[in-house]
Amino acid sequence: TVQDRASSSDWLLRQAKLALAESRFSDAVDILAPVSDEQNSPEVALAYGLALHGADDWEDAVAHLKFAAEKLSQPLEQARAWAALGRLHGDLGQSTAAESALAQALKAGGDNPHLVASVHHHRFEAASARLALDEASTHIERATEVLLQCGDRAGAAQSLIHAGTLLLVR
């Protein structure tokens with residue numbers, strides 16, 4: 001029945017989110033594959049897109065993350081989808097599409113500090129990949145500053161590790 005399928009999708013989505021939290025991306029892909037074609041759920045599309053991206057199936061992840069970003073109704077979840085899409089476009093070397101998606105993330109998420117830090121971190125990753133080390137340094141410093149201001153010391157510590165690695169490379 002429709003209700004059984006919906007509850008099954010909810011259960012699979014919870015299992016996939018757990019796998020994503022544990023960085024078991026291939027497991028999350030396997031969990032969501034049976035319901036991934038049901039494009040009526042932007043929540044499933046977001047989780048599946050994140051799982052595909054984490055499993056390095058970047059091209060397939062684009063459509064799912066784009067669908068989620070356009071269809072999610074909760075602003076922070078929508079912003080998270082846009083940010084993930086921006087990161088994905090950056091990984092694919094599509095700088096213009098990446099920056100557009102990251103700008104959409106900030107527009108959707110307002111001034112949420114973790115979102116702002118995430119966007120700066122994605123920009124740091126893209127700049128590092130292009131070997132634009134001065135730009136990368138600016139973004140990781142901004143991410144660290146935002147995380148410290150909102151009291152996320154663990155997140156700031158991670159950013160400082162990235163900043164330290166960047167200093168070693170420079």
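Helices, which are DSSP runs of H or I with at least four residues, are numbered from the N terminus, and the expected span of a helix is 1.5 Å times one less than its number of residues. The model is predicted, so local features need pLDDT of at least 70 and side-chain atom pairs count only at pLDDT 80 or more, whereas totals for chains, interfaces and linings use all residues. Residues are numbered from 1 along each chain as its sequence is written, and side-chain values use heavy atoms, with hydrogens and water left out.

**View A. Helix α5 and its two ends.** At the start of α5, a side-chain oxygen of Gln74 comes within 3.0 Å of the backbone nitrogen of Leu76, while just after the helix Gly93 adopts a positive phi of about 80°. The buried residues (under 20% relative accessible area, 1.4 Å probe, protein chains only) of α5 include Trp82, Leu85 and His89, and their cover includes α3, α4 (58-71), α6 and α7.

View B. Helix α7 covers residues 113-129, and its 17 residues should span 24 Å at 1.5 Å a residue, which agrees with the 24 Å between its end C-alpha atoms. Asn112 caps the N-terminal end of α7, where a side-chain oxygen lies 3.0 Å from the backbone nitrogen of His114; just after the helix, Leu131 has a positive phi of about 60°. Among the buried residues of α7 are His120, His121, His122 and Phe124, and what covers the buried residues includes α5 (75-91), α6 (95-109), α8 (133-149) and α9 (153-169).

**View C. The largest pocket.** A pocket is an open set of points on a 1 Å grid over the protein atoms alone, where a 1.4 Å probe fits, with protein on both sides within 12 Å along at least five of seven lines, and lining residues have an atom within 4 Å of a point. The largest pocket holds about 610 Å³ of space, and of its 24 lining residues the closest to the centre are Arg87, His114, Ser118, His121 and His122. Helix α5 supplies the largest share of this lining, eight residues.

**View D. The second largest pocket.** About 240 Å³ of space lies in the second largest pocket, where Gly90, Ser95, Ala98, Ala126 and Arg130 are the closest to the centre of the 18 lining residues. Helix α7 gives the most to this lining, with five residues.

Note on methods. Buried means under 20% relative accessible area, exposed over 50%, partly exposed in between (1.4 Å probe, protein chains only). Contact means heavy atoms within 4.5 Å. A polar contact is a pair of N or O atoms within 3.5 Å; within protein, one must be able to donate a hydrogen and the other to accept it, and residues adjacent in sequence count only if both atoms are side-chain atoms. Grid points are joined across faces, edges and corners, and a volume is the space filled by probe spheres set on the points.
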